Amino acid sequence: MLFDDFADEPDMVVSVLVPVAVPEAYTYRVPTGASVVPGTIVKVPLGPREVLGAVWDGPADPAIAPKKLKAISRIYDHAGPLDETLRRFVDWVAYWTLAPPGMVLRMVLRSEEALEPEAPITGVRSVAGKEPDRRTPARARVLETLIDGMAWTKSGLAHAAGVSPSVIDGLVRQEVLETVQMPAAPPPPKPQLDYATVTLTAAQRTAADGIIAAFDKGASVSLIDGVTGSGKTEVYFEAIAEALRRNRQALVLLPEIALTEQFLRRFENRFGVYPAEWHSDVSPKKRARVWRGVADGSMRVVIGARSALFLPFMDLGLIVVDEEHDGAFKQDDRVAYNARDMAVVRGHLGKFPVVLASATPSIESRVNADQGRYTRYVLPDRASGAALPDLHAIDMRHDGPERGRWIAPALVAALRDTLSHGGQALLFLNRRGYAPLTLCRTCGHRFQCPHCSAWLVEHRFQKRLVCHHCGHFENVPDRCPSCGANESLVACGPGVERIAEEVTGLFPEARTLVLSSDLLGGPDRLRREMKIVEEGGADIVVGTQLIAKGHNFPMMRLVGVIDADLGLAHGDPRAAEKTFQLLAQVTGRAGRVTGGGAGYLQTYAPDHPVIRALLSSDRDAFYNAEIDARRGAGLPPFGRLAALIVSGTDKAGTEAFARAVLRAAPTEPAVTLLGPAEAALAMIRGRHRYRLLALAPRQMDLQGYLRQWLGKGPKPRGGIRLNVDIDPQNFL
Ligand code: ADP
Ligand code: ZN
């Protein structure tokens with residue numbers, strides 16, 4: 001509905017949330033004759049612009065005379081209103097993350113195209129009795145294709161007749177063909193609950209039954225804690241079936257787009273149809289269709305990245321968060337939210353079950369289960385009956401490879417053995433590129449990013465030095481830019497490309513594949529390559545953490561971890577947990593179906609508790625020790641953490657501002673403040689960074705404290721930014 005003329009006396013004012021960084025909704029006038037309700041999606045003037053917004057709950061500001069108010073300029077009739085639960089969810093996420101509520105709403109209204117009805121498709125068909133002026137072979141093929149009188153889309157027809165679209169346009173101009181409106185795409189087919197069921201193992205059955213029973217309780221959280229390959233997916237498929245049986249929609253969140261392809265196929269095997277997909281790699285047009293489809297209820301199941309949490313489901317009845325421990329569920333920039341935690345909130349507000357699944361649950365979820373807030377279901381064995389892989393440490397202090405090589409003799413022998421038996425092997429190193437550092441042998445010059453405090457990483461495939469923080473790249477020079485020496489540059493340390501080079505030298509006959517997110521070809525290529533590996537088309541895979549996540553490679557028998565210590569050294573309270581999770585996940589890729597898998601961890605610290613826990617497969621020992629350590633230090637989940645990150649282009653000014661922020665902190669003995677300290681990544685994209693950390697007891701309202709603090713503290717200006725990160729996962 002568009003308004004051209006507004007009456008003088010408006011009868012109604014409302015608050016409208018707009019997608020800008022202001023603390024609350026603005027007040028607008030409703031044009032006479034129009035009606036809106038909370039949640040109505042609108043367009044409103046804001047300064048010189050027109051922006052999308054939504055009518056929000058709560059009173060409009062009575063202090064403003066209605067005459068002074070600008071009016072809503074457009075009401076969207078084909079989308080919205082956003083329901084009460086979604087509105088409360090937006091408010092809640094804003095409250096929790098300290099983000100302006102409008103910025104959270106922006107995540108809901110991300111697809112502007114979705115707010116319009118889908119544009120009808122125009123097609124063409126032949127007009128009886130009309131002949132073109134000249135009957136070329138191309139024209140003849142078109143008319144031949146249309147002989148049955150059916151309408152075709154232009155592109156479909158061009159393809160089928162093997163002609164260029166201009167041939168069809170020419171025929172339309174001559175009125176030999178006429179354009180017609182094609183019927184809208186039919187609603188997607190519904191999942192079939194009993195399309196193909198599996199017989200669950202006893203442990204799976206117990207979990208599935210428990211989760212299904214929870215649907216009667218309203219809000220609940222279940223944690224499926226099952227070893228890699230234990231059949232967690234089959235269990236939550238039963239939960240999805242239950243949601244569908246109750247005529248509710250279901251959402252599955254995955255941490256990595258590269259996993260969706262395999263998930264789509266598995267879902268189809270189970271339910272006979274593909275679910276809807278939602279992530280950054282889906283085209284805007286398809287995303288608009290999903291947005292509309294979940295809102296009108298025609299799409300029943302969505303599989304998506306974290307942002308799918310903000311879709312306007314008509315009747316959401318289940319959220320599954322698979323690989324719930326994964327750091328990718330945390331968004332660091334703009335609205336810093338953790339999709340796993342916010343999924344629990346959405347389930348709570350919508351009074352429906354949330355299922356978290358992982359082979360290596362987060363400490364948070366384990367503690368929530370121990371304390372009775374979540375119900376934990378343990379799947380101790382693989383569904384196939386296959387044993388978990390045998391894990392070995394290779395002590396790199398004594399048994400490492402010769403200089404300039406990275407694969408120890410024992411791992412080379414295991415690779416040889418695996419290959420000779422026709423098995424697949426995976427070498428894991430969480431470092432993209434060829435080498436993490438390049439230096440000049442003559443003068444010691446190191447290649448650093450001009451915008452970030454980070455070394456440039458050599459990528460041999462691309463023949464470039466690349467910054468992994470800002471994307472800056474330069475060509476690898478022939479001479480040292482500092483001393484001019486020729487052929488004096490050396491690569492220091494390995495990345496996956498260098499490991500692949502070593503593998504190719506050792507096993508020239510083997511089909512070796514590098515899987516890393518930065519390779520040319522993007523997600524499409526990755527999907528294809530994942531499938532190649534799955535089908536046995538590669539012998540040795542060299543991969544980054546991408547490969548560690550949930551993928552099922554039935555022929556994978558051996559996993560070698562090139563640097564098991566890589567994650568342990570950070571100033572990150574979760575370093576041990578993250579390393580444990582990553583290594584357990586990646587070694588868990590071995591022998592999932594057939595058993596007989598083996599894993600080798602190359603380490604300089606074989607006695608580190610994380611390595612010991614992995615080797616002895618004593619997960620509980622690791623969890624218990626880590627939980628005790630966190631409790632002792634008052635760290636999450638026993639305490640609450642928030643990071644304040646101050647950044648700016650002028651170093652001294654940024655630091656001074658960070659100090660001023662600290663001075664403004666309200667006195668509160670229960671809160672420990674740390675910093676400001678220069679961030680480990682002291683500069684990103686030309687911005688200097690300082691971090692402050694607040695640690696508070698669990699029962700304290702840390703958000704309230706921060707609001708009070710930032711409310712009276714200095715306001716960032718002059719290009720300085722202050723970002724709040726509640727429960728930070730990233731400490732760089
Ligand atoms: P997870 O999600 O725990 O890693 P999956 O659900 O991927 O495990 O299951 C691992 C493999 O075992 C898959 O190939 C799956 O099809 C198979 N599987 C799982 N449960 C069963 C079952 N009850 N009967 C037969 N095969 C199963
Ligand atoms: Zn950079």
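Colleague: Which element gives the largest share of the lining of the second largest pocket?

Modeller: Helices (H or I, at least four residues) and strands (E, at least two) are DSSP runs, numbered from the N terminus. Here α9 supplies eight residues, the largest share of that lining. α8 (260-271), β11 (276-278) and α9 (284-296) each give at least two. This is a predicted model, where local features need pLDDT of at least 70, side-chain atom pairs count only at pLDDT 80 or more, and totals for chains, interfaces and linings use all residues. Residues are numbered from 1 along each chain as its sequence is written, chains are lettered from A and ligands numbered from 1 in the order in which they are written, and side-chain values use heavy atoms, with hydrogens and water left out.

Colleague: What volume does the second largest pocket have, and which residues are closest to its centre?

Modeller: Rolling a probe the size of a water molecule over the atoms shows where empty space is left. On a 1 Å grid over the protein atoms alone, a cavity is a set of points where a 1.4 Å probe fits but cannot get out; a pocket is an open set with protein on both sides within 12 Å along at least five of seven lines, and lining residues have an atom within 4 Å of a point. Points are joined across faces, edges and corners, and a volume is the space filled by probe spheres set on them. The second largest pocket comes to about 1100 Å³. Its lining counts 45 residues, and Pro 188, Arg 289, Val 290, Gly 293 and Met 299 are the closest to the centre.

Colleague: From which domains does this lining draw at least three residues each?

Modeller: Domain 1 (12-115) and domain 3 (202-379), with bounds from an automatic or database domain assignment. By class the lining has 27 nonpolar, six polar and 12 charged residues. Ala, Val, Leu, Ile, Met, Phe, Trp, Tyr, Cys and Pro count as nonpolar, Asp, Glu, Lys and Arg as charged, and the others, Gly among them, as polar.

Colleague: How many cavities of 30 Å³ or more are found?

Modeller: Two, in a search of the whole structure. α15 has the largest share, four residues. Domain 3 (202-379) and domain 4 (390-431 + 494-628) each contribute at least three.

Colleague: How many residues surround ligand 1?

Modeller: A residue is near a molecule if one of its heavy atoms lies within 4 Å of it. For ligand 1 there are 15, and Thr 199, Gln 204, Lys 232, Thr 233 and Arg 266 are the closest. Helix α7 (residues 232-245) gives three residues, the largest share of the shell.

Colleague: Which polar side-chain atom lies 2.5 Å from an oxygen atom of ligand 1?

Modeller: One that belongs to Arg 266. A polar contact is a pair of N or O atoms within 3.5 Å; within protein, one must be able to donate a hydrogen and the other to accept it, and residues adjacent in sequence count only if both atoms are side-chain atoms. A backbone N or O atom of Gly 231 is 2.9 Å from a ligand 1 oxygen.
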